[in-house]
Amino acid sequence: MFDIGFSELLVIGLVALIVIGPERLPRVARTLGILAGRLQRYVADVKADINREVELDELRKMKDSVTQAASGIENSVQSELNSVQTELSRTESELNAAVNSSIGVPEAASTSAPAPEAPKLPEKAA
């Protein structure tokens, strides 16, 4: 964390021994160790939270881009479907007109003529 060598630690320990005293030094060292551990855990938790937020933000951006791509594909498929449907309707009307003209049925009669009925089958005796 800090760039402290062994010689600096030795000087800090001697100063602490002189200032704090030999009776309270172990208790102070233990407290400092506990506080340093808590500080390390807190920093690790903050880093993990930041990483999670960054990953969530990236996932949201990816979701938005996939949604946009899907809607673009849907729109292109829908427009192609509409054009094919229009083409089929036009071709169907052209084929109906050609069939009607080849058999000599006027166009008005072909749309209003009722469909012929199917012949009835004789009933079987029981």
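Modeller: Glu 87 and Arg 90 sit three residues apart in helix H2, so about one helical turn separates them. Helices here are DSSP runs of H or I with at least four residues, and strands are runs of E with at least two, both numbered from the N terminus. An α-helix has 3.6 residues a turn, so residues three or four places apart point the same way.

A caution before we go on. This is a predicted model, in which local features need pLDDT of at least 70 and side-chain atom pairs count only at pLDDT 80 or more, while totals for chains, interfaces and linings use all residues. Residues are numbered from 1 along each chain as its sequence is written, and side-chain values use heavy atoms, with hydrogens and water left out.

Confidence is highest in H2, at a mean of 93, and lowest in helix H3 (residues 107-112), at 52. Where pLDDT is low, the predicted coordinates should not be read in detail.

Now the pairs. Side chains of opposite charge can pair when their charged atoms come close. A salt bridge is a side-chain nitrogen of Lys or Arg within 4 Å of a carboxyl oxygen of Asp or Glu. Glu 87 and Arg 90 form one, with their closest N and O atoms 2.3 Å apart. Arg 90 also bridges to Glu 94, at 2.7 Å from N to O. Those two are four residues apart in H2, about one turn.

Glu 87 is partly exposed at 38%. Arg 90 is partly exposed at 40%. Glu 94 is partly exposed too, at 44%.

Look back along H2 for another pair. Arg 52 and Asp 49 meet in a salt bridge of 2.8 Å, N to O. They are three residues apart in H2, so about one helical turn lies between them. Arg 52 is partly exposed at 49%, and Asp 49 is partly exposed at 40%.

Step back to the whole structure. A search finds four salt bridges in it. The chain has three helices and zero strands. Of its 126 residues, 3% count as buried.

Methods: Buried < 20%, exposed > 50% of the residue type's maximum accessible area, 1.4 Å probe, protein only. pLDDT = per-residue confidence, 0-100.
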